[in-house]
Amino acid sequence: MERLVSAILIKAVQDWDKPELQPDVEQFISSEWFDFLAGCVDLDPAKTRDQFINRSYKRVSMRAGYRKSH
């Protein structure tokens, strides 16, 4: 499940860079669903949300979401 959640969050980062999709991403990162997903992969939802808004996140490949982490 972690890989699926990671892929969803990575896709949100990619979509954030597309002005036409930003309203959807803003709605997503403001939702309880985002909080839940961030918690599933041990991310602090508030900090992660702030990284979206301030564009202070690390750019990663979509493939990173599918890699198994240990």
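Visitor: Which residues of helix α3 are buried?
Guide: In this predicted model, the buried residues of α3, which spans residues 32–40, are F34, L37 and A38.

Visitor: How do they sit around the axis of α3?
Guide: Seen down that axis, the buried residues fall within an arc of 100°, so they line one face of the helix.

Visitor: What do the buried residues of α3 pack against?
Guide: Three helices: α1 (2–16), α2 (22–29) and α4 (45–54).

Visitor: And what follows α3?
Guide: D42 does, and its phi is positive, near 60°.

Visitor: Switching to rings. How many aromatic pairs are found in the whole structure?
Guide: Four. One of them is F28 with F34, an edge-to-face pair. The centres are 5.4 Å apart, with 85° between the planes.

Visitor: Are F28 and F34 buried or exposed?
Guide: Both F28 and F34 are buried.

Visitor: What about W33 and F36?
Guide: Their ring centres lie 6.0 Å apart and their planes meet at 20°. Stacked means under 30 degrees between planes, so the W33 and F36 pair is stacked.

Visitor: How far apart are W33 and F36 along α3?
Guide: Three residues, which means about one helical turn separates them. In general, an α-helix has 3.6 residues a turn, so residues three or four places apart point the same way.

Visitor: How accessible are W33 and F36?
Guide: W33 has 48% relative accessibility, so it counts as partly exposed. F36 has 46%, so F36 is partly exposed too.

Visitor: Last one. Which residues do ring pairs link into a cluster?
Guide: W16, F28, F34 and F52.

Technical notes: Residues are numbered from 1 along each chain as its sequence is written. This is a predicted model: local features need pLDDT of at least 70, side-chain atom pairs count only at pLDDT 80 or more; totals for chains, interfaces and linings use all residues. Side-chain values use heavy atoms; hydrogens and water are left out. Buried means under 20% relative accessible area, exposed over 50%, partly exposed in between (1.4 Å probe, protein chains only). Helices (H or I, at least four residues) and strands (E, at least two) are DSSP runs, numbered from the N terminus. The arc is that of the directions from the helix axis to the C-beta atoms. Contact means heavy atoms within 4.5 Å. Rings of Phe, Tyr and Trp (its six-membered ring) pair if their centres lie within 6.5 Å; planes under 30 degrees apart count as stacked, over 60 as edge-to-face and the rest as tilted.
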